[in-house]
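Subject: Structure for you to look at

Hello,

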Amino acid sequence: MDYDSNNIFARILRGELPCVELYEDEGTYAFMDIMPRADGHHLVIPKTAARNILDASRDQLTACMHTVQKLSRAAVRAFNADGVTLQQFSEAAGGQEVFHLHFHILPRRDGVELRPPGIMADTAVLREQATRIVDALN
Ligand code: 5GP
């Protein structure tokens, strides 16, 4: 399957669509998920084109994993979480809806189920949660 450079996350990377930004380094970008399934649910993506885990390069995966760990630690601190769930879906059959490689980071509390998918969050709430995660990075 080919990479479609007009997917939503490619457009976010190019600044064509807004997002609630969290973190950026040479190889990766992170922002809040617009339909969060947990408080602090956010996404890490490579800055370069990769459709999903099946075509990603070693360098893209290495860069993403470093950022995933950094942000997981910050999110656990920010939300006083008991753990973290990582999700990655590849191809439609694997549950993927946006075809630019991304890793979901979901802070988890003991006994608290994930919310159902598809519920849009208030941008002000996402901004407040992003601030908490960014503050916990430092
Ligand atoms: P997946 O491809 O992993 O199944 O799901 C894509 C994820 O991207 C979903 O969790 C969805 O809420 C999120 N998402 C879809 N469109 C947007 C968007 O425009 N902005 C942001 N920040 N997240 C989005």
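The side chain of His-41 makes a polar contact of 2.8 Å with the side chain of His-104. A polar contact here is a pair of N or O atoms within 3.5 Å; within protein, one must be able to donate a hydrogen and the other to accept it, and residues adjacent in sequence count only if both atoms are side-chain atoms. His-41 sits in the loop between S2 and strand S3 (42-46). Helices (H or I, at least four residues) and strands (E, at least two) are DSSP runs, numbered from the N terminus. With 2% relative accessibility, His-41 counts as buried; buried means under 20% relative accessible area, exposed over 50%, and partly exposed in between (1.4 Å probe, protein chains only).

Before the rest, the basis. The model is predicted, so local features need pLDDT of at least 70 and side-chain atom pairs count only at pLDDT 80 or more, while totals for chains, interfaces and linings use all residues. Residues are numbered from 1 along each chain as its sequence is written, and side-chain values use heavy atoms, with hydrogens and water left out.

The ligand

His-104 is also one of the residues that come nearest to the ligand, along with Asp-33, Gly-95, Glu-97 and His-102, out of 16 around it. A residue is near a molecule or strand if one of its heavy atoms lies within 4 Å of it. By type, the shell around the ligand has ten nonpolar, four polar and two charged residues.

- Met-32: a backbone N or O atom lies 2.9 Å from a nitrogen atom of the ligand.
- Glu-97: a backbone N or O atom lies 2.6 Å from an oxygen atom of the ligand.
- His-102: a polar side-chain atom lies 2.5 Å from an oxygen atom of the ligand.

Taken alone, the ligand exposes 520 Å², of which the protein buries 87%. These areas come from the Shrake-Rupley method with a 1.4 Å probe; for residues, only the protein chains shown count as cover. Helix H1 (8-13) and strand S2 (28-32) are the elements that give two or more residues to the shell around the ligand. H1 gives the most, with three residues.

Single residues

Asn-80 is in the loop between helix H2 (58-78) and strand S4 (83-87), and it counts as exposed at 56% relative accessibility. Glu-91 lies in the loop between S4 and strand S5 (103-108), and it counts as buried at 18%.

Ala-75 belongs to helix H2 and is buried, with a relative accessible area of 0%. Ala-75 and Val-125 are 50 residues apart in sequence, and 15 Å separate them in space, C-alpha to C-alpha.

Asp-2 is in the segment before H1 and is exposed, with a relative accessible area of 68%. Asp-2 and Asp-55 are 53 residues apart in sequence and 9.4 Å apart in space, C-alpha to C-alpha.

Regards

Conventions:
Nonpolar A, V, L, I, M, F, W, Y, C, P; charged D, E, K, R; others polar.
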